[in-house]
Amino acid sequence: MISFDLPRKLLGSFFPPLRSWLGICVLIFLSSIIIFDGMINDWGRASQGLGNLVKFFNESLWPPDWSVLEPQAYPVCTVYPTFMDFTCSTAWIGMVETLKIAFVSTVFGAIISIPLSLLASRNLGFRRKIEDSINLLLVASPITFFLSEVLSYLPRFFLAAFRSLPSIIWAIFFVILVGFGPLAGVLAMTVYTVGYLGKLQYEAIEGMTKTPLDACEAMGLTKFEIAFKVVIPECANDLISQAIFMFEYNFRHGTVIGIVGAGGIGYYINLYLKFLQYDKVIAYLIIIFIVVLIIDFISIKARSYFTDEIALNRPSWKSIFIPFSMNKR
Amino acid sequence: MEKFPSKIEPIIRLNDVSIGYKKGEPLVQIPNLEIFPGEIVAIAGPSGVGKSTLLKTIAGLIRPISGSIVVCGRSFPNRPNRGELGYVPQSLGLVRHASVLHNVMLGANAGHNFPIPFIGICLPSFVAKKKAIEAINSMGLEEKISEPIRRLSGGQQRRVATARTLAQCPELILADEFLSELDEKTVDMVLKEVTTYVKSSNSALLVVEHDITRAKMMADRLLVIDDGRVNPFITEPTAMEVKI
């Protein structure tokens with residue numbers, strides 16, 4: 001078994017200051033600085049950046065144009081009472097559509113990724129089960145061995161394949177397949193969610209303590225019973241918190257995939273970027289930022305129902321939304 | 001002298017077994033060991049000597065280095081049939097985020113509910129639920145039935161693990177220090193329930209116990225692992241001569 005201290009001992013034998021972890025951290029940091037310096041030819045450009053930002057901010061970004069919250073001219077807004085007419089605005093329509101895409105694709109992605117991640121987890125023994133089944137069906141030979149290896153790695157292969165392309169590339173692909181609109185967005189985000197969430201899920205499953213699995217295996221429970229009655233409840237905290245994180249992630253990326261025509265608020269951001277109306281773009285970005293913050297706060301409360309430590313001292317809505325110092329007062 | 005008539009099949013039979021994690025370094029060597037129905041056998045010995053590893057090997061969770069192991073009529077690597085073997089690991093193996101009932105139902109389902117072939121999922125069973133509730137009540141946990149395990153004390157969690165095994169009604173119980181963290185009164189209650197079950201159902205209990213006095217008190221036979229070999233000790237007052 002490789003010791004945790006092995007790198008420290010090996011490096012320390014070449015160069016004594018590397019005997020400590022601090023020395024190794026300093027070495028890693030210095031090497032990253034040297035690599036970075038090698039990539040940059042002109043450091044002068046970086047010094048101009050701040051000035052450019054101030055100029056761009058003053059001339060184009062600020063103040064935000066909040067007309068994006070006003071109802072569109074067409075179709076005519078018929079919402080009553082009139083103070084609710086912001087629900088006919090492009091910002092509201094785009095935001096709601098992005099939220100819908102994020103929600104639907106997170107749910108679909110989670111439903112597909114859970115069985116895949118259970119099959120991909122090495123500690124549940126599904127891999128051995130596949131190998132045993134193939135050896136039972138066919139006479140053991142190098143071909144059956146190869147077949148069992150391929151089949152047992154299939155879930156990991158699919159998860160890796162879905163994850164390898166970013167969601168915007170999947171969005172372009174699905175826009176070509178099914179045309180512009182939220183359907184392409186949902187399909188793109190679902191595929192990416194399966195790959196990304198599946199990876200997080202099987203890592204959480206592989207990290208769970210082995211004794212419940214041992215006890216149930218000794219009792220003779222089937223793999224399906226162990227998966228659904230032991231593994232999923234035991235990892236529920238991680239799985240739920242990852243799903244909430246994925247919803248947040250999908251919402252943020254939902255704004256990006258709109259740029260390639262896959263629906264949501266990104267469509268309007270792209271539209272105003274083309275017309276160089278940056279004051280409207282910054283208004284959309286502020287709205288996205290506020291919604292991301294609200295989702296984050298809600299997720300703190302939602303996750304508190306599944307953690308051991310907070311169970312007895314669950315945060316109230318007030319303590320989540322109001323900063324600690326103000327809340328104390 | 002024979003303890004049991006030769007017709008009775010032992011629940012556990014070990015022949016020339018070496019156990020451990022590395023091939024060249026066996027932790028424990030057992031020339032011959034048989035455990036019969038209705039017997040309570042305790043294993044004692046200093047820590048780190050391989051008591052829990054022996055239990056895991058008998059449970060089929062660790063491959064023996066050499067020798068033959070037959071448990072409930074099936075020799076390793078074949079496992080005992082569903083529900084025949086109950087196992088209480090030292091760290092209990094409970095689903096911490098699930099309720100007491102959910103955990104005990106795992107054992108009850110293993111013993112009284114059979115999965116749909118090829119699918120591997122059980123339909124709800126009234127018998128299993130009844131057995132689970134009985135086991136929870138027998139451990140004095142009726143008020144905690146809906147509580148998640150993470151909110152129970154160490155002793156209560158130990159009783160849940162014991163209830164899970166009792167609800168299963170197995171032929172063989174392997175228990176790893178299942179009485180630690182319990183007060184004397186609760187030890188008496190748990191021990192009474194378990195011994196009553198073992199004696200009435202003619203099953204067997206193999207228990208790892210750190211406290212040698214308690215081991216002598218509960219067991220018909222005491223095995224001490226010392227210097228990598230299992231040595232039999234004959235306990236009082238139920239002293240019987242046993243050859244291992």
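**Helix packing and chain contacts**

Okay, let's start with two helices of chain A: α11(A) and α13, residues 278–304, pack at an angle of about 175°, with their axes 10 Å apart. Here, axes are lines fitted to C-alpha atoms, for helices over the stretch in contact, and angles run from 0 to 180 degrees between N-to-C directions. Helices are DSSP runs of H or I, at least four residues, numbered from the N terminus. That angle makes α11(A) roughly antiparallel to α13(A), a label for angles over 145 degrees.

Quick housekeeping: this is a predicted model, where local features need pLDDT of at least 70 and side-chain atom pairs count only at 80 or more, while totals for chains, interfaces and linings use all residues. Residues are numbered from 1 along each chain as its sequence is written, and chains are lettered from A in the order in which they are written.

So who meets whom? In α11(A), the residues include I244(A), F247(A) and F251(A), and on the α13(A) side we find, among them, I288(A), V292(A) and I295(A). Contact means C-beta atoms, placed from the backbone, within 7 Å. By class, there are eight nonpolar, three polar and four charged residues in this helix contact. Ala, Val, Leu, Ile, Met, Phe, Trp, Tyr, Cys and Pro count as nonpolar, Asp, Glu, Lys and Arg as charged, and the others, Gly among them, as polar.

Now, the two chains: 21 residues of chain A contact 31 residues of chain B. On the chain A side, α9 (211–219), α10 (223–234) and α11 (236–257) each supply at least two residues. Which one gives the most? That's α9(A), with eight residues.

Key:
Angles under 35 degrees count as roughly parallel, over 145 as roughly antiparallel, 65 to 115 as roughly perpendicular and the rest as oblique.
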